[in-house]
Amino acid sequence: MSNRTLTLTDGLYDYLLAHSVQEPEILRALRQETAQHPMAQMQIAPEQGQFMALLIQLMGAKTALEVGVFTGYSALRVALALPPEGRLVACDVNPDYTAIAQRYWEQAGVTHKIDLRLGPATETLDQLIAEGAQNRFDFAFIDADKSNYPTYYEQALQLVRPGGLIAIDNVLWSGRVADPTVTDNRTQTLRRFNTALAADSRIVLSLVPIADGLTLALKRPEP
Ligand code: SAM
Ligand code: CA
């Protein structure tokens, strides 16, 4: 028995995948196609997608926001977990990546649930705020350029309702956040970001060591 989070050996990770991942065929097909892509490592892990889907169902979320779509795996997971009337606003800058995503969303029959917005996500989120979408979202997933994480987080805090959840990916950054010999800009941004969230009284926090580290920030109701 261990009372600290385990380091996963390859064998234990394979066991976890074999005994927990329930992945619809369409997601498996997208994951296999994405695995051939030169930027394949950007896609979230299947067990993480399944965990996010479980959170969405647990919350009864109907409205979701995604920053960073790539080939659409996490968006498809989220869209499939939303009820038929659910909606996902999905933000990315790269139409080549999202063309792959749209092909699979179409096949999965969820295109009507997903509003893809191409353009710098800070601008898209500002536009949503300007349109009056504050407190409109139940769930937000942040998984794009790390330098903008602090901005995306502040924008998501406005857009998510009190009691809503913001999930932020890659917060352990392959362990580099805890390695003092690593001093590049993105690592330092993530360190400052993690430190700030740990002291942020606006949220209830849990940093979950799944995949590359997933922070869950539940927006507290206004005092
Ligand atoms: N969530 C995706 C998945 O599970 O497959 C992976 C997202 S990938 C790590 C990051 C994405 O952010 C890329 O598709 C990239 O084009 C997008 N991106 C980078 N900078 C951006 C920006 N300024 N605004 C919007 N999207 C951006
Ligand atoms: Ca990621």
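Q: Hi! Which residues coordinate the calcium ion (ligand 2) here?
A: The calcium ion (ligand 2) is held by Asp143 (OD), Asp143 (OD), Asp169 (OD) and Asn170 (OD1), at 2.2 to 2.9 Å. Donors here are N, O and S atoms within 2.8 Å of the metal (3.2 Å for Na, K and Ca), and water is not among the atoms, so sites may look incomplete.

Q: Are Asp143 and Asn170 buried or exposed?
A: Asp143 is buried, and so is Asn170. Buried means under 20% relative accessible area, exposed over 50%, and partly exposed in between (1.4 Å probe, protein chains only).

Q: Before we go on, what kind of model is this?
A: This is a predicted model, where local features need pLDDT of at least 70, side-chain atom pairs count only at pLDDT 80 or more, and totals for chains, interfaces and linings use all residues. Residues are numbered from 1 along each chain as its sequence is written, chains are lettered from A and ligands numbered from 1 in the order in which they are written, and side-chain values use heavy atoms, with hydrogens and water left out.

Q: New topic: how many salt bridges are there?
A: The count comes to eight, taking a salt bridge as a side-chain nitrogen of Lys or Arg within 4 Å of a carboxyl oxygen of Asp or Glu.

Q: Which residues are linked in a network of salt bridges?
A: Glu154, Asp200 and Arg202 are. Arg202 meets Glu154 at 2.8 Å, N to O. That pair links distant parts of the chain, with Arg202 in the loop between H8 and strand E6 (203–208) and Glu154 in helix H7, 48 residues apart. Arg202 also meets Asp200 at 2.8 Å, N to O.

Q: And why does Arg202 count as partly exposed?
A: Because its relative accessibility is 36%. Glu154 counts as partly exposed too, at 35%, while Asp200 is buried, with a relative accessible area of 12%.

Q: What about Arg117, which residue does its side chain meet in a salt bridge?
A: Arg117 pairs with Asp115 (3.0 Å, N to O). Asp115 counts as partly exposed, at 32% relative accessibility.

Notes. Helix = DSSP H or I, 4+ residues; strand = E, 2+ residues; numbered from the N terminus.
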